[in-house]
Amino acid sequence: MEPVSAGSLPHPQDTPASGWLEILDRTGHVVQRLTLTHLPLTIGRSYENDVILDDPYVSPVHLRLQGDTDNRLIAEDMDSVNGLYRERERVPRVELSSGTEIRIGHTRLRYRDKGFQVPAPLVDFSVRSPLLLLEKPLVLGLVFLLTLGWLLLSNYLGSFEPTEATRLVSAVVAPVVGLLIWSGIWAFASRLLVHRLNFLIHCAIACLAGVAFSFLAIGLSYLAFAFNADSLEASAQLFGNTLIVGLLLYAHLRFCSLAPPRRLAATAVALAVVACVLTVLETQVGQSEFNAAPSYHTTLKPPSFQWVSSEPVAAFFARTETLREQALETIAH
């Protein structure tokens, strides 16, 4: 239950007090801070208390805070049903010093005095984040034009037949619709969490990720051909795709959450790794060591892009002939 506080006017016999009483949630984060201005004060569910808690496990008058002759702050149980707990042990009273935590019912309380030293402030790196460029209309326009131009160019260059303008434009419709749906989902999350739609920004993030995926695939295919490393292309692409997915999710989360950047980065990395593992599992399940139709991955590019010499054709056929003879000998025996 969420705690609710209510103050009462000091009584004539009250004595001054200083400090704060913090109400914590289950994870130890502060939900509410109450200033202690006088002693004694009582805590419970009844409206006659100085602090009212909306916790059904707290008694009407559950706890009393008061000072003793040595100027110590004492929390005393008022014969409540569920008692006062300090470090999982039920006790009749507790001396409160700065940082002392107690529990009544399902509510955790912590006392802080004025001498408590707060941690040093965190440096806000988000004010220098490159993602802030996406909030500028000019940058957004350039991103959208770049993405549209790249989609048209890649479809044109990837076609081996005479391409008509209508067919070229229709080929772009499906990825654009998918991009809008993806951006709409993130914009809806932004509207719920930070009360800002950020639809165009999420569109730009998705556009940049799509272009990055395309450039990565093309670049790796040329590098694999240049260095005769076809067997490494799939692994490199999986790693690169995982990195892009992590950056994509982090960028989306930055515009739909107020959580610290480190927490968002950890969340994005975890989700990207999960996606990578699921991709690997799907690939392994779809393949078999004795597949009836094995697939061979090869990369074909213009010979001028090859920097490392591959196996000569004559050597390839000689090795093939050797393998054929060995197979025939095995069958014969």
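Colleague: Is Phe 215 buried, partly exposed or exposed?

Modeller: Buried stands for under 20% relative accessible area, exposed for over 50%, and partly exposed for what lies in between, with a 1.4 Å probe and protein chains only. Phe 215 has a relative accessible area of 46%, so this residue is partly exposed. The model is predicted: local features need pLDDT of at least 70, side-chain atom pairs count only at pLDDT 80 or more, and totals for chains, interfaces and linings use all residues. Residues are numbered from 1 along each chain as its sequence is written, and side-chain values use heavy atoms, with hydrogens and water left out.

Colleague: What percentage of the residues of the protein chain count as buried?

Modeller: The protein chain has 333 residues, and 29% of them count as buried.

Colleague: How many helices and strands are there in the protein chain?

Modeller: Helices (H or I, at least four residues) and strands (E, at least two) are DSSP runs, numbered from the N terminus. This protein chain has 6 helices and 13 strands.

Colleague: How are two aromatic rings described as a pair?

Modeller: One gives the distance of the centres and the angle of the planes. Rings of Phe, Tyr and Trp (its six-membered ring) pair if their centres lie within 6.5 Å; planes under 30 degrees apart count as stacked, over 60 as edge-to-face, and the rest as tilted. The structure holds 2 aromatic pairs. In the pair of Trp 150 and Phe 215, the ring centres are 4.5 Å apart and the planes are at 15°, so these rings are stacked. Trp 150 belongs to helix H1 (residues 137-157) and Phe 215 to helix H3 (residues 199-226), so the pair links distant parts of the chain, 65 residues apart. Trp 150 is buried, at 17% relative accessibility.

Colleague: Where does the charged end of Arg 103 sit?

Modeller: A charge sits over a ring if NZ of Lys or CZ of Arg is within 6 Å of the ring centre and within 35 degrees of the ring normal. The charged end of Arg 103 sits over the ring of Tyr 85, 4.5 Å from its centre. Arg 112 lies over the face of Phe 116, at 3.7 Å from the ring centre.

Colleague: Which residue in S12 is the bridge partner of Tyr 85?

Modeller: Two strands pair if DSSP finds at least two bridges between them. Arg 103 is the partner of Tyr 85 in S12. Strand S9 (residues 84-86) and strand S12 (residues 101-104) run antiparallel and are joined by 2 bridges.

Colleague: What is the order of the strands in the open sheet of 6 strands?

Modeller: The order is S3-S2-S13-S12-S9-S10, with antiparallel pairing. Strand S3 (30-35) and strand S10 (89-91) are the edge strands, and each pairs on one side only. For the angle, axes are lines fitted to C-alpha atoms, for helices over the stretch in contact, and angles run from 0 to 180 degrees between N-to-C directions. Neighbouring strands of this sheet are turned by 35° against each other on average, direction ignored.

Colleague: Which residues cover the two faces of strand S5?

Modeller: In strand S5 (residues 41-44), Leu 41 and Ile 43 lie on one side, Thr 42 and Gly 44 on the other, and all are buried. S5 pairs with S7 in the antiparallel sense over 3 bridges, with Ile 43 opposite Leu 63. S5 is also joined to strand S6 (residues 51-52) by 2 bridges, and these two run parallel. There, Gly 44 stands opposite Ile 52.

Colleague: How many salt bridges does the count come to?

Modeller: A salt bridge is a side-chain nitrogen of Lys or Arg within 4 Å of a carboxyl oxygen of Asp or Glu. By this rule the count is 11. In one of them, Arg 64 and Glu 76 have their closest N and O atoms 3.2 Å apart. Arg 64 lies in strand S7 (residues 63-67) and Glu 76 in strand S8 (residues 73-77), so the pair ties together parts that are 12 residues apart in sequence. Glu 76 is buried, with a relative accessible area of 17%, whereas Arg 64 is partly exposed at 25%.

Colleague: Where do Arg 324 and Glu 321 lie?

Modeller: Both lie in helix H6 (residues 313-332), 3 residues apart, about one turn of the helix.
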